[in-house]
Amino acid sequence: MACPQVVHSEIQPDTITVFAASSLRDAVGEVAQHYTAETGTDVVLVFAATSAIARQVGGAAPADVALLADQDWADWLVAQGTVAQVTAFAGNQLVLIGRDDAPIADPQDIEAALGDGVLAMAQVDAVPAGRYGKAALVSLGLWNSVAARVVQAANVRAALRFVELGEAPLGIGYASDLVALPNLTQVYAFAPDTHPDIIYSAAQVTPKSADFMVYLQSVAAQDSLVRWGFSRLDVAP
């Protein structure tokens, strides 16, 4: 599979360049602003699907930090020898998202809720949100009945754009997306045991990003992540 090219701003030597999963756009934007205010170090942010981020960083793209939404891709970077280790820094919840739809209590009602429409998802074989969504639907016995009606996008935000525009009645995304996209609503929350754990991992690519890695675990950074709908992990005192 060809790797989509990540477009980034001109990299300056006195900046920290962070490649991050699309679902982190708003939260990491806030974290970066606070980090710059506290340290005086500018942060260049590059957003794409985790699969694209991992492949770009693995191919020597000019990143100092990689923030990934999938443990498998994080482990892949370690296995490739690109980074020595990865550190978990946040979690999330997988949800079914609509516009003004009433909540669904029984997941078996999802197909009926779609009506004649399509289900918007990130790429189900590569992008974390898509992989988690497919796993949940398989676990619930729904995948075979809805697979032909799935419209796939390059990342989770692109998938939810279909829902925003009314081109898809429902999409699968994260609880954090509902904070960033307030015109959308939660229709159903997938139980954690229906899909792999949603763990966001940070990889330090260059030595100059060590302070930013520490900052991600701070109370201030974790508070920002929680404000944007992510779940808190252990933080430094």
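Let me start with contacts. Among contacts in the protein between residues at least 6 apart in sequence, 76% join residues at least 24 apart. Keep in mind that this is a predicted model.

Now the overall build. We have ten helices and ten strands. The radius of gyration is 18 Å, close to the 18 Å from the globule rule for 237 residues, so the protein is as compact as a globular protein of that length. Along the principal axes, the C-alpha atoms fill a box of roughly 55 × 35 × 30 Å. Buried residues account for 50% of the 237. The accessible surface is about 10,200 Å², and 51% of that belongs to carbon and sulfur atoms.

Next, the sheet. It is open, with five strands in the order β2-β1-β3-β10-β4, and the pairing is mixed. At the edges sit β2 (42-48) and β4 (86-91), each pairing on one side only. Ignoring direction, neighbouring strands here are turned by 20 degrees against each other on average.

Zoom in on one pair. β3, residues 65-68, runs antiparallel to β10, residues 199-204, over four bridges. Alanine 66 has alanine 203 in β10 as its bridge partner.

Last stop, threonine 50. You will find this residue in helix α2, which spans residues 50-58. Is threonine 50 buried or exposed? Buried, because its relative accessibility is 1%, and the cut-off for buried is under 20%. What does its side chain reach? The backbone nitrogen of alanine 69, at 2.9 Å. Leaving aside neighbours within four places in sequence, threonine 50 is in contact with Ala21, Leu68, Ala69, Asp70, Trp73 and Pro128.

Technical notes: Residues numbered from 1 in each chain as written. Predicted model: local features only at pLDDT ≥ 70, side-chain atom pairs only at ≥ 80, totals over all residues. Heavy atoms only, no water. Helix = DSSP H or I, 4+ residues; strand = E, 2+ residues; numbered from the N terminus. Buried < 20%, exposed > 50% of the residue type's maximum accessible area, 1.4 Å probe, protein only. Polar contact = N/O pair within 3.5 Å; in protein donor to acceptor, adjacent residues only side chain to side chain. Contact = heavy atoms within 4.5 Å. Pairing = 2+ DSSP bridges. Axes fitted to C-alpha atoms, helices over the stretch in contact; angles between N-to-C directions. Rg over C-alpha atoms; globule rule 2.2 N^0.38 Å. Areas by Shrake-Rupley, 256 points an atom, 1.4 Å probe, with all protein chains shown as cover.
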